[in-house]
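Here are some exercises to work through with the structure open beside you. Try each task before you read its solution.

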Amino acid sequence: MDCIFCKIVNKQIPSALVYEDPNFLAFLDISPANKGHALVIPKQHYETYTDLPDNVLKELAVVTKKVAEAINKSLNPDGLNIFMNNKQAAGQIVPHAHYHIVPRFKNDGIRFEWPHKKYDDGENKVYAEKIRNSMQ
Ligand code: 5GP
Ligand code: ZN
């Protein structure tokens, strides 16, 4: 598989390793938003968040927390952003599901901005119902 993160898992390309166990890996982003910006991945290749089996997702969340706690302890940031981009339209460049953990510092100049759009009257209920009715 021609996936850069699978190659990192297989040690075909090097990374600055932060955590490894039999099923998960965390390493530093090569081009960090702030120094210490880490990526947490399952070793098995899945493309997006919703592709992850529940058991993998649960363990990934726990590993992500472990790495986040270590970043807090070692780098003492003022905050953390923890997020996942899913599909190209949402900014995913590497199609191997990964959490970003970005240590944040007051006045670090990073802006995660999105527009604050408005619903027409009652439209939020329509959207909520649509989503609710699609839940399994
Ligand atoms: P995405 O946009 O897919 O959510 O994030 C992919 C991230 O992977 C980017 O922040 C990018 O800097 C990082 N990245 C891409 N290629 C490599 C690589 O070869 N090694 C490491 N450590 N990070 C990478
Ligand atoms: Zn992969």
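## Exercises around His98

His98 touches Phe5, Leu39, Val40, Ile41, Phe83, Met84 and Gln92, leaving out residues up to four places away in sequence. Keep in mind as you go that this is a predicted model.

**Exercise 1. Where does His98 lie, is His98 buried or exposed, and which side chain does its own side chain meet in a polar contact?**

Solution. 

- Step 1: His98 sits in the loop between strand E4 (79-83) and strand E5 (99-104).
- Step 2: Judge its accessibility. The relative accessible area of His98 is 5%, and buried means under 20%, so His98 is buried.
- Step 3: Look at the polar atoms. The side chain of His98 makes a polar contact with the side chain of His100, at 3.4 Å. A polar atom of the His98 side chain also lies 2.6 Å from the backbone oxygen of His96.

**Exercise 2. Describe the site of the zinc ion (ligand 2): which residues coordinate the ion, and what is the geometry?**

Solution. 

- Step 1: Find the donors. Cys3 (SG), Cys6 (SG), His45 (ND1) and His96 (ND1) coordinate the zinc ion (ligand 2) at 2.0 to 2.3 Å.
- Step 2: Check the angles. Among the 4 donor atoms they run from 105 to 116°, and the site is tetrahedral. For comparison, the ideal angle for four tetrahedral donors is 109.5 degrees.
- Step 3: Read the spacing of the donor residues in sequence, which is C-x2-C-x38-H-x50-H.
- Step 4: Cys6 in helix H1 (residues 4-9) and His45 in the loop between strand E3 (38-42) and helix H2 (54-75) are 39 residues apart, and the pair links distant parts of the chain.
- Step 5: Classify both members of that pair. Cys6 has a relative accessible area of 12% and is buried, whereas His45, at 26%, counts as partly exposed.

**Exercise 3. Work out the strand order of the sheet, and say which strands are at its edges.**

Solution. 

- Step 1: Follow the pairing. The 5 strands form an open sheet in the order E1-E2-E3-E5-E4, with antiparallel pairing.
- Step 2: Find the edges. Strand E1 (17-20) and E4 each pair on one side only, and these are the edge strands.
- Step 3: Consider the turn between neighbours. Direction ignored, neighbouring strands of this sheet are turned by 15° against each other on average.
- Step 4: Examine the E1 end. E1 pairs with strand E2 (residues 24-28) in the antiparallel sense over 3 bridges, and a hairpin joins E1 to E2 through 3 residues. Here Tyr19 has Ala26 in E2 as its bridge partner.
- Step 5: Examine the E4 end. E4 and E5 pair in the antiparallel sense over 5 bridges. Leu80 has Pro103 in E5 as its bridge partner, while Phe83 stands opposite His100 in E5.

**Exercise 4. Why is E5 described as largely enclosed by the rest of the structure?**

Solution. 

- Step 1: Count the buried residues. In E5, 6 of the 6 residues are buried, so the strand is largely enclosed by the rest of the structure.
- Step 2: Sort the residues by face. Tyr99, Ile101 and Pro103 lie on one side, with His100, Val102 and Arg104 on the other; all are buried, and both faces are covered.
- Step 3: Look for a helix residue in contact with this strand. Thr64 is found in helix H2, and among its contacts are Tyr99 and Ile101. Thr64 is itself buried, at 4% relative accessibility.

Technical notes: Residues are numbered from 1 along each chain as its sequence is written. Chains are lettered from A and ligands numbered from 1 in the order in which they are written. This is a predicted model: local features need pLDDT of at least 70, side-chain atom pairs count only at pLDDT 80 or more; totals for chains, interfaces and linings use all residues. Side-chain values use heavy atoms; hydrogens and water are left out. Helices (H or I, at least four residues) and strands (E, at least two) are DSSP runs, numbered from the N terminus. Buried means under 20% relative accessible area, exposed over 50%, partly exposed in between (1.4 Å probe, protein chains only). A polar contact is a pair of N or O atoms within 3.5 Å; within protein, one must be able to donate a hydrogen and the other to accept it, and residues adjacent in sequence count only if both atoms are side-chain atoms. Contact means heavy atoms within 4.5 Å. Donors are N, O and S atoms within 2.8 Å of the metal (3.2 Å for Na, K and Ca); water is not among the atoms, so sites may look incomplete. Four donors count as tetrahedral if all angles lie between 85 and 135 degrees; four count as square planar and six as octahedral if opposite donors are over 155 degrees apart and all others between 65 and 115; anything else is irregular. Two strands pair if DSSP finds at least two bridges between them. Axes are lines fitted to C-alpha atoms, for helices over the stretch in contact, and angles run from 0 to 180 degrees between N-to-C directions.
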